[in-house]
Amino acid sequence: MQPGFLTVTIPEDFKYVGAVGVLNLWLLVKQHLDIMYWRGKTGIKYPQMYAEKAEMEASRDAHLFNCAQRCHQNTLENMPFVYVTAIVTGLRYPKLSAALTGAWVIGKWAFTFGYATGEPENRFNKIYAIGGLSLVASGLISTYISLDWLLGDLVRGLF
């Protein structure tokens, strides 16, 4: 290998990581459709992101719109963490990465259905908790892998 070049070999089983990424795409589509449904039903126009307090007090539909919007926003806030850990973990342990990321996506589906009840506390449930723990596990594993990459290169560079 020439200095300055990095060769990355993608494991054959990395396809499972990609498949879980697509599963997540459909979660985002479902959440988007929920928002569009409630936006249409409430008449809340763009660029207004959330119903105002007075709108929510006047209409349960406006409250449900806010629940759908916040659920989607929360999912988007987690996407960088999910994708980075899925890819880094997947380069070394693709099936484990797919399983952990898949558990997160399933947990997020449960989160979504709980939030859709209009009772925000219903977003937290056992399935969502398992998904959350799987993301923590993926974060720890990807941290280990990245430290191994860095420290391994450092040690090899000393000799």
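These are my notebook entries on a predicted model, taken up topic by topic.

**Entry 1: helix packing**

I began with the helices. Two packed helices are described by the angle between their axes and the distance between the axes, and I noted both for each pair.

I looked up H3 and H4 to start. Helix H3 covers residues 60-92 and helix H4 covers residues 94-115. Their axes come within 9 Å and cross at roughly 175°. Angles over 145 degrees count as roughly antiparallel, so H3 is roughly antiparallel to H4. I sorted the residues of this contact by class and wrote down nine nonpolar, nine polar and three charged.

Next I took H1 and H3. The axes of H1 and H3 also come within 9 Å, and the crossing angle is roughly 165°. H1 and H3 are therefore roughly antiparallel to each other. I noted the hand of this crossing as left-handed. The contact of H1 with H3 divides into 14 nonpolar, nine polar and four charged residues.

That left H1 and H4. How far apart are the axes of H1 and H4, and at what angle do they pack? The axes are 8 Å apart and the angle is about 10°. Angles under 35 degrees count as roughly parallel, so H1 is roughly parallel to H4.

I then listed who meets whom. On the H1 side I found, among others, Tyr16, Val20, Leu23, Trp26, Leu27 and Asp34. On the H4 side the list includes Pro94, Ala98, Trp104, Val105, Lys108, Trp109 and Phe113. By class, the contact of H1 with H4 has twelve nonpolar, six polar and four charged residues.

**Entry 2: phenylalanine 113**

Phenylalanine 113 lies in helix H4. Is phenylalanine 113 buried or partly exposed? Its relative accessible area is 46%, so I put phenylalanine 113 down as partly exposed. Phenylalanine 113 and alanine 68 are 45 residues apart along the chain, and their C-alpha atoms are separated by 9.5 Å.

**Entry 3: asparagine 74**

I moved to helix H3, where asparagine 74 is found. Its relative accessible area is 15%. Buried means under 20%, so asparagine 74 counts as buried. Setting aside residues up to four places away in sequence, I found that asparagine 74 touches Lys108 and Phe111.

**Entry 4: tyrosine 128**

Tyrosine 128 sits in helix H5, which runs over residues 126-158. The relative accessible area of tyrosine 128 is 19%. The cut-off for buried is under 20%, so tyrosine 128 is buried.

Which residues does tyrosine 128 contact, leaving aside neighbours within four places in sequence? I wrote down Gly107, Lys108, Ala110, Phe111 and Arg123. Lys108 and Phe111 are also the residues I had listed for asparagine 74. I checked one distance as well: tyrosine 128 and alanine 103 are 25 residues apart in sequence and 8.7 Å apart in space, C-alpha to C-alpha.

**Entry 5: arginine 92**

Arginine 92 is in helix H3. I noted 31% relative accessibility, so arginine 92 counts as partly exposed. Apart from neighbours within four places in sequence, arginine 92 is in contact with Tyr144, Ile145, Asp148 and Trp149. For Ile145 I also took the spacing: arginine 92 and isoleucine 145 are 53 residues apart in sequence, while their C-alpha atoms are 7.8 Å apart in space.

**Entry 6: cysteines**

How many disulfides does the structure hold? I counted zero. Cysteine 67 is in no disulfide, and the nearest cysteine sulfur, that of cysteine 71, is 8.9 Å away. Cysteine 71 is likewise in no disulfide, with the sulfur of cysteine 67 as its nearest.

Cysteine 67 is buried at a relative accessible area of 5%. Cysteine 71 is buried too, at 3%.

**Entry 7: a cis peptide bond**

My last entry concerns a loop. Most residues other than glycine have a negative phi, and most peptide bonds are trans. The peptide bond from tyrosine 46 to proline 47 is cis, with omega near 5°. Where is proline 47 found? I placed proline 47 in the loop between helix H1 (15-42) and helix H2 (53-58).

Definitions and conventions
Residues are numbered from 1 along each chain as its sequence is written. This is a predicted model: local features need pLDDT of at least 70, side-chain atom pairs count only at pLDDT 80 or more; totals for chains, interfaces and linings use all residues. Side-chain values use heavy atoms; hydrogens and water are left out. Helices (H or I, at least four residues) and strands (E, at least two) are DSSP runs, numbered from the N terminus. Buried means under 20% relative accessible area, exposed over 50%, partly exposed in between (1.4 Å probe, protein chains only). Contact means heavy atoms within 4.5 Å. A disulfide is a pair of cysteine sulfur atoms within 2.5 Å. Axes are lines fitted to C-alpha atoms, for helices over the stretch in contact, and angles run from 0 to 180 degrees between N-to-C directions. Angles under 35 degrees count as roughly parallel, over 145 as roughly antiparallel, 65 to 115 as roughly perpendicular and the rest as oblique. Ala, Val, Leu, Ile, Met, Phe, Trp, Tyr, Cys and Pro count as nonpolar, Asp, Glu, Lys and Arg as charged, and the others, Gly among them, as polar. A crossing is left-handed if the near helix is turned anticlockwise from the far one by less than a right angle, and right-handed if clockwise.
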